[in-house]
Amino acid sequence: MPMRTRTRSRRAAAWLAPSALAVAAVTAALVVVPRLAEAGPGPDQGPARALDPVLAERAAGKTEGVRKGKPRPDARDVVLAVHGGAGAALDRETTTPEREKAYRDGLAEALRAGGKVLDSGGSSLDAVEAAVRRLEDNPLFNAGKGAVFNADAQHELDASIMRGSDLAAGAVAGVRSLRNPIEGARLVMEKSKHVMLSGEGADDFGARHGLRTVTQDYYWTQARWDALMRAKETEAGKGAGKGRAARSPEVLADAQSMGTVGAVARDRDRDLAAATSTGGMTNKLPGRVGDSPVIGAGTYAKNGTVAVSATGAGEVFIRGAAASTVSNLIEFKGLGVAPAAYEVVVKRLPGLGGQGGVIALGPGGDFDAPHSSPGMLHGYLTGDGDLITKIFPDESPADS
């Protein structure tokens, strides 16, 4: 599965030809050449592909609000997708070319890692683990190395993984020494009779089974430490650091990530899988557990319906049983992937008091990434090898 990397850019120019629509976008480091949009069947009904609807409408001159009230797939024939967190949007005008490239490369590397698994005939479960592990190793993202600090200036990490073929699942919560928490979640699923282990028990279980362990300083990054200091200043009612924090490109990483990375995949057997990993919330209370390790809230996969990984306000996603509700709407109400994800993320969860988004992938390749937050870092890989990353709001406008 050769991969052709594509990105979206506001500076794209579009033109029509008798037999093809091409859109070229030049960024500081990447060149984009999308292909002809093809009309396809309804949601999740086969291999027909469609160009990203946002890009198609932009090419037709509709550049504002193209996601408003239009729940439909972002793409078809997707085999793997990843996200790097929903939250405050990265600003195109102030993001340096180097930083843009770093974020795009981070998402692309995760997609290539998972895509390599699928290309060799591996399972969707192996693919999502490989993709999330790569994101955990990247300090730009709030998982593994680069995880945020809790109120006691410690790192407590959560992760979960689920296989759609038999609903097998595993999770770890509040781990402090596993280098890759997603490996711990997979281990719990396969080597224990439980679904979730937490804290010291989860760390010890991983270590006994040979998982790589680290000391707390492994997770440390200056950006996350700065974010904790700003949070402490705000908590104490000191406004001196607020302006600096808002302007700091390093601290923007904390605002953007908002808690999670994740992946969803389908393999040659149309088996689905999902995985999610997080460092949580900056300045969270010690022991706080969000939605990421909770099966049905932050992660869910069921063959025949959908694989979902969520990111956003964890408490709200737990209360709304976000990920499993997307699946239930497909199974019991007959909705497509995009309408079901839209119903949960845009229509239901904001009423509970929180923002966020999901990446959702159906067994036929329909993919959608709705989000109520201003931005959501994500990307996807298609069956014919096209690799797309989206990091700016004009590439993936918030749904409303």
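What covers the buried residues of α11? Among the elements that do so are β12 (306-312), α10 (322-333), β13 (356-361) and β14 (367-368).

This is a predicted model, in which local features need pLDDT of at least 70, side-chain atom pairs count only at pLDDT 80 or more, and totals for chains, interfaces and linings use all residues. Residues are numbered from 1 along each chain as its sequence is written, and side-chain values use heavy atoms, with hydrogens and water left out.

Select residues 337-348, helix α11. Helices (H or I, at least four residues) and strands (E, at least two) are DSSP runs, numbered from the N terminus. Of the 12 residues of α11, 9 are buried, so the helix is largely enclosed by the rest of the structure. Buried means under 20% relative accessible area, exposed over 50%, and partly exposed in between (1.4 Å probe, protein chains only). Tyr342 and Glu343 are among the buried residues.

Next, select aspartate 394 and arginine 92, which form a salt bridge with their closest N and O atoms 2.9 Å apart. A salt bridge is a side-chain nitrogen of Lys or Arg within 4 Å of a carboxyl oxygen of Asp or Glu. Aspartate 394 lies in the segment after β16 (386-390) and arginine 92 in the loop between β5 (78-87) and α2 (97-119), so the pair ties together parts 302 residues apart in sequence. Arginine 92 is buried, at 11%.

Move to lysine 302 and glutamate 331, another salt bridge, at 2.8 Å between the closest N and O atoms. This pair links strand β11 (residues 299-302) to helix α10.

Last, select Asp126, Glu129, Arg133, Glu183, Arg186, Glu190 and Arg212, which a network of salt bridges links.

Notes
The expected span of a helix is 1.5 Å times one less than its number of residues. Contact means heavy atoms within 4.5 Å.
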